[in-house]
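Here is a short briefing on one protein model. Keep the sequence and the 3D view side by side as you read.

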Amino acid sequence: MFQVINDGRLMAYSADKGEKLLELQTGLRSGMGPPVTYQLDGRQYIALMGGVGAAAPGGNAGPGNQATPFSPKLLTFVLGGSATLRGAASP
């Protein structure tokens, strides 16, 4: 089971007992979209989007969201991967 928290965290829980398996700070605060999981060539991926960018003059970042200093980003992870997350929140 996967969950995103609006402070930028990606959470993973075991489906049978609800135990927390992963807590990862993505750096994409506000505007977090729901995680999507899919399988391709036998590997499972998790994708999520976050960050809302700067609001237009006189506008807002949407209900419950704060404008962020970076553009929205789509992050994709592969289960069993070994790369580290760097620079997710950089402009």
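D41 sits in the loop between β4 (36-40) and β5 (43-50). Strands here are DSSP runs of E, at least two residues long, numbered from the N terminus. This is a predicted model, where local features need pLDDT of at least 70, side-chain atom pairs count only at pLDDT 80 or more, and totals for chains, interfaces and linings use all residues. Residues are numbered from 1 along each chain as its sequence is written, and side-chain values use heavy atoms, with hydrogens and water left out.

- D41 has a phi near 50°, which is a positive value in a residue other than glycine.
- D41 is exposed, because its relative accessible area is 74%. (Exposed means over 50%, buried under 20%, and partly exposed in between, with a 1.4 Å probe and protein chains only.)
- S14 lies in the loop between β2 (9-13) and β3 (20-25).
- S14 has 12% relative accessibility, so it counts as buried.
- The side chain of S14 reaches the backbone nitrogen of K17 at 3.5 Å.
- Leaving out residues up to four places away in sequence, S14 touches M1, E19 and L21. (Contact means heavy atoms within 4.5 Å.)

**The nonpolar core**
- Which residues form the largest nonpolar core? There are six: V4, L10, L28, M32, L48 and L75.
- Such a core is a set of buried Ala, Val, Leu, Ile, Met, Phe, Trp, Tyr and Cys residues joined through side-chain atoms within 4.5 Å.
- L28 is in the loop between β3 and β4, and it counts as buried because its relative accessibility is 0%.
- L28 and M49 are 21 residues apart in sequence, and 8.1 Å apart in space from C-alpha to C-alpha.
- M32 touches V4, I5, N6, G8, T26, L48, M49 and G50, not counting residues up to four places away in sequence.

**The largest pocket**
- The largest pocket has a volume of about 360 Å³. (A pocket is an open set of points on a 1 Å grid where a 1.4 Å probe fits, with protein on both sides within 12 Å along at least five of seven lines; lining residues have an atom within 4 Å of a point.) The volume is the space filled by probe spheres set on the points.
- The pocket is lined by 15 residues, and L24, F77, V78, G81 and A83 lie nearest its centre.
- β3 and β6 (73-78) each supply at least two lining residues. β6 gives the most, with three.
- The lining has 10 nonpolar residues, five polar and no charged. (Ala, Val, Leu, Ile, Met, Phe, Trp, Tyr, Cys and Pro count as nonpolar, Asp, Glu, Lys and Arg as charged, and the others, Gly among them, as polar.)

Technical notes: Helices (H or I, at least four residues) and strands (E, at least two) are DSSP runs, numbered from the N terminus. A polar contact is a pair of N or O atoms within 3.5 Å; within protein, one must be able to donate a hydrogen and the other to accept it, and residues adjacent in sequence count only if both atoms are side-chain atoms.
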